[in-house]
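Here are my notes on the model you sent over. Have it open while you read.

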Amino acid sequence: FGDDAPRFLDWLAHIEQRPGELPHQCWLHISKEEGTGRNWLSAVIARLWPGNAAVNFDLAGMFKDGYNGTLSRKIIAVVDEIRDGGGSEKWKNADVLKAAITADTRKINPKFGRQFIEFNSCRWLILSNHVEALAVNEADRRFNVVYTEHKPRDSGYYRRLYAAVREPGFIAGVAHFLRTRDLSGFNPFAAPPMTQSKALVIAASRSEADEILADVVNHWPADVIQSSTLGELITGQPGGKITPAHRHALSRRGIKEFGKVRLGGITARVSILRNHERWKEVDASLIRTELSRGPQQPAFGPGGARAYLDNLTAV
């Protein structure tokens, strides 16, 4: 965990000292190398809290079929491998995981048996070898992220570690270390910091539409834009339509629909790029004035709206 080790140890110690207090943050650890000892960490956690740790939890399976029975009465879930950040359902799955991380109560859905509700105090430690592990956006307040390219150590190092984990006295020592760790500076409800590692995961989560819309929000000369222009910008095609998948990207960028406005004898849909509170209930004449600050279709010239946006971002 490198420089993040003290924060991670605080997080683990919080489980030992206050197991019923659910923190609103979890850990995602990404290693480009195999064999660095993360299975050893899972083995320690399984022995620290036997019966209360869901080690080797199948998160991808939960996303697929909704079964989560093995989470019942658990205070920590360890996911050994996940690569969901590039899939078509990634943002839907991200919402499912967010609820699992933060909800005070949760629905347990066993594969065989009745569903039931229980108090939720389950923390999440997610391990992956891929930077596309999970979909994470810039507004996230849940994930601590560690990304490491450290090489595995010598075989003797791991022999000593795995010999230790089989010793009850070693596990008791770890428990004592966590139980007596000073947590006066640890806030379990604080948002995790935006680290370089987290920025890598966020960048890997972005689709082409996310990248384009980020440029639109940051550089478009007006606070509002015709929705048809947004469709062209996202698809790269004149007359391109905004799909339901695109609407998720619009929402992530804070772009909201204003409604219909009469423009030169036609009715056009308009979206608000920035300062939503300022524009959401203004008179249509003010929207038309604001629209005039930017070019309107079909006056973009060669290359269309994409070329115009590229020129804006290059300035």
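The points below go from overall numbers to the cores.

1. First, the ground rules: this is a predicted model, with local features needing pLDDT of at least 70 and side-chain atom pairs counting only at pLDDT 80 or more, while totals for chains, interfaces and linings use all residues. Residues are numbered from 1 along each chain as its sequence is written, and side-chain values use heavy atoms, with hydrogens and water left out.

2. On overall build, I get 13 helices and ten strands (DSSP runs: H or I of at least four residues for helices, E of at least two for strands, numbered from the N terminus). Along the principal axes, the C-alpha atoms fill a box of roughly 80 × 45 × 40 Å.

3. Of the 315 residues, 47% are buried, meaning under 20% relative accessible area with a 1.4 Å probe, protein chains only.

4. The largest nonpolar core has 29 residues; a core here is a set of buried Ala, Val, Leu, Ile, Met, Phe, Trp, Tyr and Cys residues joined through side-chain atoms within 4.5 Å. Trp 11, Leu 12, Ile 45, Leu 48, Trp 49, Ile 76 and Leu 125 touch the most other members. Elements giving two or more residues include helix H1 (5-17), strand S6 (123-128) and helix H6 (168-179), but the largest share, six residues, comes from H2.

5. Leaving aside residues up to four places away in sequence, Leu 48 touches Ile 171, Val 174, Ala 175 and Leu 178 (contact: heavy atoms within 4.5 Å).

Technical notes. Buried < 20%, exposed > 50% of the residue type's maximum accessible area, 1.4 Å probe, protein only.
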